[in-house]
Amino acid sequence: MLGCAAPVVWKPIPMKDQSRSGSGHGSSMTTRRKPCLPLLRTAILTIALAATTAGAIGGALAQDQDAELELEANLDRIAGETAELRQLPPLAEIDDVLVSQDELLAMMPALIAEEIDPDDAVAQSRSLAALGLIPAGTNLLDLTVRLMREQAAGFYDPLSDEMLVLFDGNSDLTEYFYAHEVIHALQDAHLDPDDLMEDLTALNSDQTLATLALYEGDAVTGSAIYLERHPTLALALLREVDRDFPVMDEAPASVGMVLLFPYTAGATFVDRLLAEGGWDAVNAAYTDMPASTEVILHPLKYLERDEPSLVALPDP
């Protein structure tokens, strides 16, 4: 979904590696073929905005029984602890799909090609360039592919209830990212009775960005609380901060701001709700979604129910 210049992709992706399935995340790893992917342009697929280094492939894990059992037990622990901290009932099962960094990078072009129409991307590029928001000649489709290849670190797919787990040998980063994605699975199971997560087509682009800010702000805040309980994980994340992200650094400011908005502004919004009424106040927001990015930036407007005014565009 390009939305307002945002190269953010929310789309089910091919899960082509190994899957743990069964009770409590599953008791065995089994190879499975790629599922059929419904062409829903606004299906939410969570992308945690951080990168990890390439390493051992997920497929190799399936050949190591000890590593498999250790990983299963660790993911179960992370999921249960995250649910406890988020104050939501734990999930009986999560379908985890293990991939390496290289496999994740290989998924990006096909994922984005399914999500973004090339002609729409060209038209959007021209419009944004005319407004001075991006340099003339910027290829938004290519920029989206490069940004996602650099930034993507984990996915939760609400259409299939699958969790893509990036495993490259760095267990600290995997633990933090997994806690983030578990919160999205909890949102889907307990806070999204109308399946808004799966289809945002009824919303305009600003409403969509505000909605994503609630989802991502919740996950960022919840995983930060998990991080407070496990401070040694912070050392691994601090090492990541020192890494170079040349694509993000060189991207037009407007693109980077919209890409990061759900995570940064969303976390501030959720923090304010927590201060007002704890997790109950955050949970209540899912039945009264923020209607604009204005209330995300100014949470008091949300709390006071300062609704945005809709402006009708004239006929062309």
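The model is a predicted one. Its chain has 316 residues, of which 52% count as buried. The secondary structure comprises 12 helices and 5 strands.

**Overall organisation**

**Helix α6**

- Helix α6 covers residues 171–190, which gives it 20 residues.
- From its first C-alpha to its last, α6 reaches 28 Å, close to the 28 Å expected at 1.5 Å a residue.
- Of the 20 residues of α6, 16 are buried, so this helix is largely enclosed by the rest of the structure.

**Packing of helices α3 and α5**

- Helix α3 spans residues 101–115 and helix α5 spans residues 140–151; their axes come within 9 Å.
- The two axes cross at roughly 160°. Because angles over 145 degrees count as roughly antiparallel, α3 and α5 are described as roughly antiparallel to each other.
- The crossing in which α3 passes α5 is right-handed.
- On the α3 side, the residues that meet α5 are Q101, L105, A106, M108, P109 and I112.
- Their counterparts in α5 are L141, T144, V145, M148 and R149.

- L128 is located in helix α4, which runs over residues 118–130.
- The relative accessible area of L128 is 7%. As buried means under 20% relative accessible area, L128 is classed as buried.
- In sequence, L128 and S254 are 126 residues apart. In space, their C-alpha atoms are 9.4 Å apart.

- D95 belongs to strand β3, made up of residues 95–99.
- With a relative accessible area of 17%, D95 is also buried.
- D95 and E162 are 67 residues apart along the chain, and a distance of 4.9 Å separates their C-alpha atoms.

Notes. Residues are numbered from 1 along each chain as its sequence is written. This is a predicted model: local features need pLDDT of at least 70, side-chain atom pairs count only at pLDDT 80 or more; totals for chains, interfaces and linings use all residues. Side-chain values use heavy atoms; hydrogens and water are left out. Helices (H or I, at least four residues) and strands (E, at least two) are DSSP runs, numbered from the N terminus. Buried means under 20% relative accessible area, exposed over 50%, partly exposed in between (1.4 Å probe, protein chains only). The expected span of a helix is 1.5 Å times one less than its number of residues. Axes are lines fitted to C-alpha atoms, for helices over the stretch in contact, and angles run from 0 to 180 degrees between N-to-C directions. Angles under 35 degrees count as roughly parallel, over 145 as roughly antiparallel, 65 to 115 as roughly perpendicular and the rest as oblique. A crossing is left-handed if the near helix is turned anticlockwise from the far one by less than a right angle, and right-handed if clockwise. Contact means heavy atoms within 4.5 Å.
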